[in-house]
Amino acid sequence: MGFDLDFAIATLPLILRALDMTLLVAVTSCIGAAAIGFNLEILRRAGGAFGLVVRFFIDFIRATPILVWLYCLYFILPFYGVRLSALTVGIAGLSLYYSGYLAEVFKAGIDAIPKGQAEAAQALGIGRRDTVIFVIAPQMLRNIAAPMGNYFVSILKATPYLAVLAVPEMLGEAFDIASDTYRYAEPLTVAGITFLALALIISRGVKWLEDRLATSSAR
Amino acid sequence: EPTKERILREGKIVIGVHNRAPWGYRDEATGQATGWHPDLLKAAFSELGVEEIDIRVTEFGALIPGLLAGRFDAVGSGLSITPERCQQVAFGAPDLKERDAALVLPGNPKNIHGYKDILENNDVIMGAGRGSVVVRKALAEGIPSERMLLFPDIQSNVAALRTGRVDAVLLSLPTVLGLMRDGAVPDVEPADPFVTTDEQATFTSVAFRQDDEDLKALYNERFMALKEDGTVARIMAKYGFGEEEMVSEGITTERLCSATKDEAAQ
Amino acid sequence: MTTLDIWLGILQGCRVTASVTLYALLFAVPFGLAFGIAQYLTTGLLRFLVTCVIEFWRSSAVIILLFVFYYALPVVGVTLSAMTVAAMVLGLNTGGYASQAVRAGLQTLDHGQKEAGQALGLSRTAILVLIELPQALLVMSPTFINLLIQLIKATSLVSLITLTDMTFRAKEISQVHYEPVPIYLSLLLAYFVLCYPITLFGRWVAQRVTPGREVRRGV
Amino acid sequence: MDQSDKDTVVRIDALQKWYGAFHVLKDISLTVPRGARIVICGPSGSGKSSLIRCVNGLEAYQQGTIDLEGVRLGENAAQTTLARRKTGMVFQSFNLFPHLTVLANCTLALRRVSGMARGEADELASQYLEKVRIPEQAHKYPGQLSGGQQQRVAIARALCMNPRLMLFDEPTSALDPEMIKEVLDVITGLAKDGMTMLCVTHEMGFAREVADEVVFMDHGSIVEKAPPDQFFSQPCHPRAREFLNTLLH
Amino acid sequence: MDQSDKDTVVRIDALQKWYGAFHVLKDISLTVPRGARIVICGPSGSGKSSLIRCVNGLEAYQQGTIDLEGVRLGENAAQTTLARRKTGMVFQSFNLFPHLTVLANCTLALRRVSGMARGEADELASQYLEKVRIPEQAHKYPGQLSGGQQQRVAIARALCMNPRLMLFDEPTSALDPEMIKEVLDVITGLAKDGMTMLCVTHEMGFAREVADEVVFMDHGSIVEKAPPDQFFSQPCHPRAREFLNTLLH
Ligand SMILES: Nc1ncnc2c1ncn2[C@@H]1O[C@H](COP(=O)(O)OP(=O)(O)OP(=O)(O)O)[C@@H](O)[C@H]1O
Ligand SMILES: Nc1ncnc2c1ncn2[C@@H]1O[C@H](COP(=O)(O)OP(=O)(O)OP(=O)(O)O)[C@@H](O)[C@H]1O
Ligand SMILES: [Mg+2]
Ligand SMILES: [Mg+2]
């Protein structure tokens, strides 16, 4: 079989064709997961029965594989009358699934903020909502940049699961080329390196953000 | 040690299947390898003292890589002979003529009876297995890829059909027969009829590694003998294959490997 | 086929899921420890090399690694069994994540701990083994438990390389029995039953290792 | 509101507080007239912080009442919020917002709570920063300041809301000896300007100079209440005597 | 080794240290005779901690020499390790090992460095725990003790290695007023037993009672060195006078 560099280069444009789909899914899901996760965490903190429900939801997500979730949303919901497009299911699935993880990240990020911060805001008469927006969230961002970046990489790496929903993302494209040509090494290597490169770009970006946040307000 | 010698010495051949009736699958009840190709191979090798057929179940797309990687000695899972595949593996003699068929919802609401119906009705979304030959035929017929959803396996295709995500699932006729035979698939039926031309038919065979020419020769020799003594016909009957599926004289692996290549050259 | 049959059928894959997890730990634990410590102790070029190895295993898409190691490596003469490939790829991927936890645990440890050890005349190794590691590992143990859960869930990918785990069994069953609803719900439940007790254990551990950190409802 | 109420900033009456089974405040009654400067001291764990946090509404209590300029605390949320705006609190650990500049720390509540425009808020905050003698640090972040400077920012931040009562919880105990003086000087200045204050501190020199009254707490009760001269020279209660001894080593 | 060297525990000679471009220790020379009790004080950032950490080998320095009982520090790793065993260090933040019991904290170095057997180490450690007056806490974990108790454990832990010199870096500044006394009492006891010590502290009462000599540092230099009586009553250097004023408020 061997490795044919020319062939590998030839597959590159074909695989990159699916890059926009991969990026669309990854970026939208990152935003969705962060938004849902943050709200889940705020709800959980509010406590009460609702907090318990949220907590169980988060646990449930964390105890089950993403693939099964995608199957359920895509193939089972329509039996109950909800038929979403593959792309919607993909983005909704990844967002919901990782929101459980990000909620935990937010929890750790908020817990790391000294209790005195919220108290100081309270003592100044600042309302709960404003406290979250102006005091807690900005500080949390610095605490969570690194773990959140890790989950963004995870979301990127989870986009190939959308192949089961027939969403044409990068890895699926690579497998298509492979099954057309029966050359597996080249397209998979190209796809693998592209994923690795994207993942590293995200990690570096997060590192940069972290450094910036750290210098803008040295504690 | 060459593969052939090893198989004869150990009395065991390892084949790759993708767990699909009627091609090659693990019988849920007995755990044994069954299916069209496993049965053929069993019959072909048993007189040589090879009693054991060991199966490795894998995804369809991993069948050829697995063979090339030496994960198994042969693929016995309904692979069609195509020129591209011929460049990678050595096919045995063609053993079954394979037409295409379509699964549709009960009553065939979109009235699909051939590739043309799919091509001409812009509302129709077709489903098929990623990397299967029907996809290439559909593309050759001019069906745009935007109207195809390609799923990694057949159960996803069936689920997509039942949930209205696709209007027809294109499969090979034997596969459809296999699906229908035990009545396991609810709420769907084969499009009757689904018209295909003879040129669109493909032929399946057992695939070996190109290094294992001697093993392939041995298998071919045994296959001819089985054809003579009626064993092949008996196994065909077991899976519900008839005249339609018979491979006519003059169709050889060599021709199938080059024929469409000429077409491609035209 | 009744739902009970489906459920029992899926559980047949439990043994493989468990073995892949256990063998993967044989890779993950030493790798995570060794490389986490190495990244903490080394500087300059050596640290760069260590980081490269970690990043490779951590940032690559597991699905591609599985495929390449199982189907492409034999072509160049290295044939590993499916179990070995699964354990190695999943194990080292998890180990890559674990190494980051180990390093973070060591780095966030109060600097004074190391200095107190030095002041007592302990050697660097003794400080690492007797003072730093026990504390770092204890603090990080909830993270390790989370990684274990992620590992169990990631084993659902090994069906790609012919291992009959729970997901594979679900697929097999769905090939003879075309009822996605009970099959995928059973699979969801199967993973939940396996992972949820570990989640609860992890929470119990987390509470024990961070005593006196009451849930902050300051926000 | 009768005349006596007008001159009373805080009236604490028979206050009782438990943490679970632990009785942390036992029947506390205390009246703080306008302009009074009261220093609270006592051994660690005696409930000083808890008391002061109750006055600010940071802690709930189980029995008794607290009235802030005639408004009963905790009866409804709106009143509590209102009462909180009338008190400024300074914490031991400063609790500045590290992601905001000194100026933004001071103006946050002005803008979000009082709805003041940016320019106006900045100007007001600058005045108070001048009052605590660090106008030049307005655009730095808290992390770039010394502890003493941070605590002075915290005081300015509280003053911005124009409180009727300042609460201090050991404002100097997290500071280096040299910085304690600069912070105490600022607080002394406030006292001279007539600010009503309740201050938990162990700085006896400060208490002697500034306080009208020293309140000594032990095990959740007020066991002695006296003008500083009397308290330091001839404390009545044996626990107070013991405590003063440890302070002087 | 001549006679004078035998009676000198530490001899620091023309020590210079930089953090990057920042000159933190400027030409420091100091001799500590056996049995001497030297208190170092000075404003924050003057280099007190840096100096004491150099003596213990926790910080590298760029110029000058430190001799510990005649052994030149830093010449080779083995000598540094040896020298470190001769000094006991007590930190401001205790730095006890939280995952080990009090007893295990004390015996760790005995067993790993001196290779002592368990029983013997336990016995020795118990003696020192008795000396710092907490024998009954031996089997608790540091987290279960008060700050004062923790600091006493830290002292016992250092004493176990039988050091020739004890180094203290603000041992009481992280403690509540009430606990300061119990720790200073223990240190005073050590001094009475003849232990050589170098102590950074701002506790002037303690310095007056215990020190032979007070060293005042400012901006990385030793600017005054005098017996405590003289230092407190008539400091020569204006910076020292200023510093003393702030301490007394
Ligand atoms: N959230 C809480 N839950 C339970 N107990 C608490 C809580 N906060 C404080 N306590 C306990 O209440 C008692 C009084 O605490 P408080 O902080 O009011 O004391 P203090 O007089 O301010 O002491 P210090 O001088 O140490 O600040 C202490 O014993 C403390 O352990
Ligand atoms: N690792 C370091 N890198 C750079 N500068 C440092 C470092 N450690 C200390 N410094 C600086 O060196 C100076 C002296 O520090 P040192 O800790 O010795 O002072 P100190 O006299 O002990 O002060 P304090 O009373 O606050 O403990 C300070 O200005 C400090 O900022
Ligand atoms: Mg307090
Ligand atoms: Mg210092």
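How far is an oxygen atom of ligand 1 from a polar backbone atom of S46(D)? In this predicted model, the separation is 3.2 Å.

## The surroundings of ligand 1

Start by finding the residues around ligand 1 in chain D. Y19(D), F22(D) and V24(D) belong to this shell, and so does E170(D). Sorted by class, the shell holds four nonpolar, six polar and two charged residues.

Now zoom in on some individual atoms. A polar backbone atom of G47(D) sits 3.0 Å from an oxygen atom of ligand 1. With K48(D), it is the side chain that takes part: one of its polar atoms is 2.8 Å from an oxygen atom of the ligand. On its own, ligand 1 would expose 640 Å², and the protein buries 60% of that. Two elements of chain D, β2 (22-33) and α2 (48-55), each give two or more residues to the shell. The largest share, three residues, comes from α2(D).

What does the UniProt record say about residues 10-244 of chain D? An unreviewed entry annotates this stretch as "domain: ABC transporter". In the model, residues 10-244 of chain D are 39% helix and 26% strand.

## Transmembrane regions of chain A

The unreviewed UniProt entry also lists "transmembrane region" for several stretches of chain A: residues 21-40, 52-76, 82-103, 149-168 and 188-206. Residues 21-40 of chain A are 100% helix and 0% strand, with 28 Å between the end C-alpha atoms. Residues 52-76 of chain A are 88% helix and 0% strand, and here the end C-alpha atoms are 26 Å apart.

## How the chains meet

Which chains share the most contacts among the six pairs in contact? The answer is chains A and C. Chain A brings 47 residues to this contact and chain C brings 36. Together the two chains bury about 3,900 Å², with 66% of it on carbon and sulfur atoms. On the chain A side, the residues losing the most area to chain C are R45(A), A63(A) and K157(A), which together make up 13% of what that side buries.

Chain C also meets chain B, where 23 residues of chain B are in contact with 24 residues of chain C. About 2,000 Å² is buried between chain B and chain C, and carbon and sulfur atoms give 51% of it. In chain B, the most area is lost to chain C by E28(B), R71(B) and Q155(B), together 32% of what that side buries.

## Chains that stay apart

Not every pair of chains meets. Chain B and chain D do not touch, and their nearest C-alpha atoms are 50 Å apart. Chain B does not touch chain E either, and the nearest C-alpha atoms of that pair are 50 Å apart.

Key
Residues numbered from 1 in each chain as written. Chains lettered and ligands numbered in written order. Predicted model: local features only at pLDDT ≥ 70, side-chain atom pairs only at ≥ 80, totals over all residues. Heavy atoms only, no water. Near = heavy atom within 4 Å. Polar contact = N/O pair within 3.5 Å; in protein donor to acceptor, adjacent residues only side chain to side chain. Areas by Shrake-Rupley, 256 points an atom, 1.4 Å probe, with all protein chains shown as cover. Helix = DSSP H or I, 4+ residues; strand = E, 2+ residues; numbered from the N terminus. Nonpolar A, V, L, I, M, F, W, Y, C, P; charged D, E, K, R; others polar. UniProt positions renumbered as here; feature names shortened; annotations may be inferred. Contact = heavy atoms within 4.5 Å. Buried area = accessible area lost by both parts, 1.4 Å probe.
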